[in-house]
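This report walks through one model, from its helices to its core. Please keep the sequence and the 3D view at hand while reading.

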Amino acid sequence: MNNFETLRKRAIGDISEEDVTQIADFMNNLLANEYALFTKALNYHWNITGPRFNSLHQFLEDSYKNLLIIMDETAERIRVLGETPMGTVEKFNSTMKLKEHNAQNLSSSQMLADMLESNLIIQNDIKGFLRKEELLRDDPGSEDFLVSTLRKHEDFSWMLKSHLE
Ligand SMILES: [Fe+2]
């Protein structure tokens, strides 16, 4: 392959196969956990009860819409890397690490606390991966993407936390 062919193989240009696989694998794990969190927001939106029903039902609708956007951006970043985002419920289920709960057993505050806990796990994962400076040096676009995704999750944690105080 001449230099130009190597460069144009992926939208991000030349990068080692090993590095791009590691970054895409992390992003696929992130995608699976975001999918799980998105599903929690839907589930709780449908099943929430109590005196704060109106505002929390609406807040959870805004949440799943925002999480869908975040998830879509993560999947498309994987395509930009030249890799394949997972796209089946079966694959999400075997990859995600967030634990799910039956909404019938939770109060509205427990639902929000569970979402906060899950969201903090996602933040922690992103921060852990961002510490791999050497790996991300060859892919500053993904580093920037992950920092911006982290910030979106941090904003969400602030909102969840504020409901619980
Ligand atoms: Fe709805």
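Which elements do the buried residues of α5 pack against? They pack against α2 (17-47) and α7 (140-164), where a residue is buried if 20 or more other C-beta atoms lie within 10 Å of its own, exposed if 12 or fewer, and partly exposed in between, with C-beta atoms placed from the backbone.

The model is predicted, so local features need pLDDT of at least 70 and side-chain atom pairs count only at pLDDT 80 or more, while totals for chains, interfaces and linings use all residues. Residues are numbered from 1 along each chain as its sequence is written.

**Overall layout**

The chain holds 7 helices and 0 strands, and its order along the sequence is α-α-α-α-α-α-α; helices (H or I, at least four residues) and strands (E, at least two) are DSSP runs, numbered from the N terminus. The C-alpha trace spans about 65 × 30 × 20 Å along its principal axes, and of the 165 residues in the chain, 26% are buried. Two residues are in contact if their C-beta atoms, placed from the backbone, lie within 7 Å; among contacts between residues at least 6 apart in sequence, 76% join residues at least 24 apart.

**Helices α3 and α5**

The 23 residues of α5 (residues 108-130) should span 33 Å at 1.5 Å a residue, and because its end C-alpha atoms are 33 Å apart, the two values agree; the expected span is 1.5 Å times one less than the number of residues. Helix α3, with 28 residues, reaches 40 Å from its first C-alpha to its last, close to the 40 Å expected, and is followed by Gly82, whose phi is positive, near 85°.

Among the buried residues of α5 are Met111, Met115, Ser118, Ile122 and Phe129. Those of α3 include Leu56, Leu60, Ser63, Leu67 and Ile70, and what covers the buried residues of α3 includes α2, α5 and α7. An α-helix has 3.6 residues a turn, so residues three or four places apart point the same way.

**How the helices cross**

Axes are lines fitted to C-alpha atoms, for helices over the stretch in contact, and angles run from 0 to 180 degrees between N-to-C directions.

| Pair | Axes come within | Crossing angle |
|---|---|---|
| α2 and α3 | 9 Å | roughly 160° |
| α5 and α7 | 9 Å | roughly 155° |

Angles over 145 degrees count as roughly antiparallel, so α2 and α3 are roughly antiparallel to each other, and α5 and α7 are likewise roughly antiparallel.

**The nonpolar core**

A nonpolar core is a set of buried Ala, Val, Leu, Ile, Met, Phe, Trp, Tyr and Cys residues joined through C-beta atoms within 7 Å. Of the 28 residues in the largest such core, Met27, Leu31, Leu37, Ala41 and Met115 touch the most other members. The elements that give two or more residues to this core are α2, α3 (53-80), α5 and α7, and the largest share, 12 residues, comes from α2.

Not counting residues up to four places away in sequence, Met115 touches Leu37, Lys40, Ala41 and Leu160. Met115 and Tyr44 are 71 residues apart in sequence, yet 9.4 Å apart in space, C-alpha to C-alpha. Ala41, leaving aside its neighbours within four places in sequence, is in contact with Leu60, Ser63, Tyr64, Leu67 and Met115.

Technical notes. Angles under 35 degrees count as roughly parallel, over 145 as roughly antiparallel, 65 to 115 as roughly perpendicular and the rest as oblique.
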